[in-house]
Amino acid sequence: MNKRDFLKGLIFFFPAGGVLSALAGAPAAKETEVQDAGPKGADAKGPGAKPYNSRDHYYGMGIEIGKCIGCSRCVEACKAENDVLRDPFFFRTWIERYVIKKEGEVTVESINVKSRASKEAVQEDADVLRTFFVPKLCNHCAHPPCVQVCPVGATFSTEDGVVLIDSNRCIGCRYCIQACPYGARYLDPRTKTADKCSFCYHRVRKGLLPACVEVCPTQARIFGDLRSKASRLVRFARMNKIHVLKPALNTEPKVYYAQMDGEVR
Amino acid sequence: MSPHLTEGLYELLDQITGFIYPNEVEIHWSLLIVVYPYITGLVAGAFILASLVKVFNVKEVQPTYRLALLTALAFLLVAPFPLLLHLGRPERFYEILLTPNVTSAMAMFGFVYAWYLMAVLLLEIWFEYRRDLIVLGAQEGSWRGWVYRALSLFSTDVSDTALAFDRKAVRAITIIGIPSAFLLHGYVGFIFGSVKANPWWGSVLMPIVFLMSAIVSGIALVTFLYMVLTSLRREAIDMRCLDTITSYLFYAVIVDFSLEALDFIHRLYQSEESVKILGRLITHRLFMSLFVLQILIGMLIPLGILVLAKARNFSDDMKKLLYFTAAILIQLGIFSTRWNVVIGGQLFSKSFRGLMTYKMEVTGIEGLLVALAVLALPFIILAVLVRVLPTKRLGDEVGGAA
């Protein structure tokens, strides 16, 4: 085989491999669809592409606390993408800053809210032992108390592992807000219905990443499919010691934190 | 609506101490949700007082039997209003009845409510009043007579066998009614007690504490109403009845107090993760409403008054005054209990690191004026009910109707 034949062969080999893997519907292919999806991810569905089947997916998020620099781009992107009110009482995602002093005192603030308490909370000090940022959002629990208590079934778990709210059905009783241990929910004063993070379900279904993950400059947020062995999230969970928020409540969160300090609640 | 709301939230933001999750600034269950368990508690309590007569044969409290039933009805009719007014989308309330989520405690409201109203209270009242309605239907002229006949569902049988059946039916319904009343209010306690995210609410004792405080408030209310009604009608108060009722009130307060003390001691002794923030909650946010209003003024002082009234040989008038004062203080105490549960449970962050503030609105749909109107409504309904339906069996005393 001379060099010319080899290159000719390559031209056919790679597209053919692509077609084969699309037909086989290999888990690896699914994962690339979500993970590597640039804007083209949505368009990638050719006539041969398999239609989206929610049963094939189970989404979660990984957060590497050591990587978060507290830039709040995720918060901004979320508010823009999901039309969240700009006032500092409505967040689908937010960032907490923890400061642990040498003598053990812990102060926490939500860096997206400027209140008197938060201004008092943080003093630049030499005796700081460690300090870190913790991005928070709906944990899309596998065993969600909000879904359990909703009287009309307006909030529900999808087959692909996302907890959503049907704002056309929600009656605004706010039982879900009370039942959520993570403060992830709020009442949107415009619609008078409950609202919270949706993992950007409208984007994920198209093979795109959630807005917060897309914009994170340090890749502190990792989105992925737990059903796929090749998923970045599964790899993240394999490579890190992970923890979830308030495990004792048995909500089985699907937002996994790496390098989480015991002070984080 | 929105700019006004967020303005209020900015005000609350500066009153936060420590750290709270950012979505927690708004207090979601407000004054109306305090009123709701207060009202259902009165329903359950009044009904249980009424059942003393029929099931446990406490003949002394017979004079308050019908009043207690009508009180329960008047308050039960109003019970859905605070819930409805509180909903963000009240126009969608019917979804809770048509497509209820079976795992939701709140979704059971419609069924528990309908069962209690239709299968227990209305039925018992109808059988209790059937004979009187027939008599009144025959006595009264024109449209009033027609109303009575319609209320009796045009039954005419006043034979001894029919009346014996009425009595049997009332007794049977009361026997079903007691667990139903427990269900009605225990269920409200369960709504709070089953929230595992909230350590102030999440307690297996919650439904039981709710029930006992319901019995306390119901008995106190009927005592109060009985005394007001007899004085309005310039009738003599049956002191034996009053003494018996207040004895039950006394025991109910003791049990209620013991349960709440048990809850308190248990939390303190178990000393879970939340104990520090709950400690700060009761000392910094609930001191007035918990220690002063609920425990001192609403429980210990009325207990002392009741003991005093029972122990000393006071004149009837002095006793009446003491009972009356105790009944009112107990109402205040039970309202504070509801306040401390509903509002108190929302004044600390689920991060256990900070406290919020609740600022009661005066106007507005969830404000003080609406709450007062909702609380006044059952009394208006009751005023109509006692005019239409005699609180004494006809023939027992002449002219009892008006």
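Guide: Two strands count as paired if DSSP finds at least two bridges between them. Helices (H or I, at least four residues) and strands (E, at least two) are DSSP runs, numbered from the N terminus. The model is predicted: local features need pLDDT of at least 70 and side-chain atom pairs count only at pLDDT 80 or more, while totals for chains, interfaces and linings use all residues. Residues are numbered from 1 along each chain as its sequence is written, and chains are lettered from A and ligands numbered from 1 in the order in which they are written.

Visitor: In which sense do strand 2 and strand 3 of chain A pair?

Guide: Strand 2 (residues 93–101) of chain A pairs with strand 3 of chain A in the antiparallel sense, over five bridges. Opposite A:Ser110 in strand 3 of chain A stands A:Glu96.

Visitor: And which residue in that hairpin takes a positive phi?

Guide: A:Gly104 does, with a phi near 105°; the hairpin has four residues between strand 2 and strand 3 of chain A.

Visitor: How many residues of strand 3 of chain A are buried?

Guide: Four of the five are buried, so strand 3 of chain A is largely enclosed by the rest of the structure. A residue is buried if 20 or more other C-beta atoms, placed from the backbone, lie within 10 Å of its own, exposed if 12 or fewer, and partly exposed in between.

Visitor: Changing topic, how many residues of chain A are in contact with chain B?

Guide: 45 residues of chain A are in contact with 43 residues of chain B; contact requires C-beta atoms, placed from the backbone, within 7 Å. Among the elements of chain A that each supply at least two residues to this side are strand 3 (106–110) and helix 7 (175–179). Helix 7 of chain A gives the largest share, four residues.

Visitor: Which residues of helix 11 of chain B are buried?

Guide: In helix 11 (residues 275–285) of chain B, B:Ile277, B:Leu278, B:Leu281 and B:Arg285 are buried. Seen down the axis of helix 11 of chain B, these residues fall within an arc of 100°, so they line one face of the helix. The arc is that of the directions from the helix axis to the C-beta atoms.

Visitor: What covers the buried residues of helix 11 of chain B?

Guide: The cover includes helix 10 (239–270) and strand 2 (354–355) of chain B.

Visitor: Which exposed residues does the face turned away carry?

Guide: On helix 11 of chain B, the face turned away from the buried side carries B:Lys276, B:Thr283 and B:His284.

Conventions: Two residues are in contact if their C-beta atoms, placed from the backbone, lie within 7 Å.
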